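Dear colleague,

I am handing over the structure below, together with some notes on what was found in it. Please read them with the structure open beside you.

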Amino acid sequence: MTKPNKGLAQHFLTDVGAVQRIVRAAGVHADDLVVEIGPGRGALTGRLLAQAGKVIGIERDEALCDFLRSRFGRGLHLCNQDVLAVDFSDLICGEGIERAILVGNLPYYITGAVIRRILDARRRFKRAVLTVQREVARRIVATPGNRDYGVLSIAVQLHSHPKILFDLAPGVFYPAPGVFSSVVRMDFHKKTRYRIQDERFFFRVVRSAFGQRRKMLKNALLGMVHGRMEILQRVGAMADIDFRLRPEAVSIPEYERISRALKASCEFGGQIQGR
Ligand code: SAM
């Protein structure tokens, strides 16, 4: 067995209880397709294979792929690729399946990028059960008024119902990471949670606001309207939002109201920065 590769964030689960809890949380049935990100030495994979119709593992490390093939034979379908290069929709549709279950004890150096790709392909997933750094998990589930609330919370909550299921101490992994981890489940429903008129523009507003999260909204968003405070005053009135609030106090529906009003005002006057 090769030594764990730090560069690929290899921290393998060694605690049977933790493995059982994660697999139980995934709620896998015999007709399910499971996509596992980074199967590693197969701690989760073995149990997933015992429950699912099919498991596809996406593992970047070639030596680990060889090991997994020798351990599980043809039962496990492997993509020896960087998960960031995999098109989840193609992968799942190619199996003739509408929606899969995603499981992953994620390599922490690419957590944000992986979550973005999962959200982009959300229509292809019933749920995702992800092991992430505890701090990231707190950001994912944070609600307005909480200091962890930000772009990640909004992006995940816009499209799913995330929940922290339990924490994992460093000692359940080999080698032990320097941080605590949490297992998060995101349930994706076919019906969208919020009606967003223009998601790209919505996220431009959200990113601008949180780019200066200590400021009041009226100052954080000023750059978007070339410093024209009178436009923001009009937008605040149209959206019925107090622009003295800080970005972390504003809910998803409120950001949507701001986005619509800002877009409407600026379309009228052609004033948005960087259109
Ligand atoms: N699932 C195993 C477990 O729980 O014991 C291993 C988890 S370990 C934290 C992360 C795994 O992701 C490693 O096997 C690592 O080689 C793999 N990995 C790292 N970067 C990757 C990438 N960009 N694409 C696919 N797999 C990657």
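His226 sits in the loop between helix 9 (217-220) and helix 10, and in this predicted model its phi is positive, at about 55°, although the residue is not a glycine. Because the relative accessible area of His226 is 47%, which lies between the 20% and 50% cut-offs, the residue counts as partly exposed. Most residues other than glycine have a negative phi, and most peptide bonds are trans. Ala9, which is not a glycine either, also has a positive phi of about 55°, and its place is in the segment before strand 1 (12-13). As for the peptide bonds, the one that leads from Tyr174 to Pro175 is cis, with omega near -10°, and Pro175 itself belongs to the loop between strand 8 (173-174) and strand 9 (181-187).

The protein has 275 residues, of which 48% are buried, and its secondary structure comes to eleven helices and nine strands. The C-alpha trace spans about 65 × 40 × 30 Å along its principal axes.

Inside the protein, the largest nonpolar core is made up of 62 residues, and Phe88, Tyr255 and Ile258 are the ones with the most contacts within it. Helix 8 (residues 199-211) gives this core its largest share, namely seven residues, while domain 1 (6-188) and domain 2 (199-267) each supply at least three residues to it.

How many of the nine residues of helix 7 are buried? The helix is mostly covered, since eight of the nine are buried, and they are Leu152, Ser153, Ile154, Ala155, Val156, Gln157, Leu158 and His159. His159 is found in this helix, which runs over residues 151-159, and it counts as buried because its relative accessible area is 12%, under the 20% cut-off. The side chain of His159 is joined to that of Arg122 by a polar contact of 3.1 Å.

Finally, Leu245 lies in the loop between helix 10 (229-239) and helix 11 (252-269). Its relative accessibility is 31%, and therefore Leu245 counts as partly exposed rather than buried. Leu245 and Lys218 are 27 residues apart in sequence, and the distance between them in space is 8.2 Å from C-alpha to C-alpha.

With best regards

Conventions
Residues numbered from 1 in each chain as written. Predicted model: local features only at pLDDT ≥ 70, side-chain atom pairs only at ≥ 80, totals over all residues. Heavy atoms only, no water. Core = buried A, V, L, I, M, F, W, Y, C linked by side-chain atoms within 4.5 Å. Buried < 20%, exposed > 50% of the residue type's maximum accessible area, 1.4 Å probe, protein only. Helix = DSSP H or I, 4+ residues; strand = E, 2+ residues; numbered from the N terminus. Domains from an automatic or database assignment. Polar contact = N/O pair within 3.5 Å; in protein donor to acceptor, adjacent residues only side chain to side chain.
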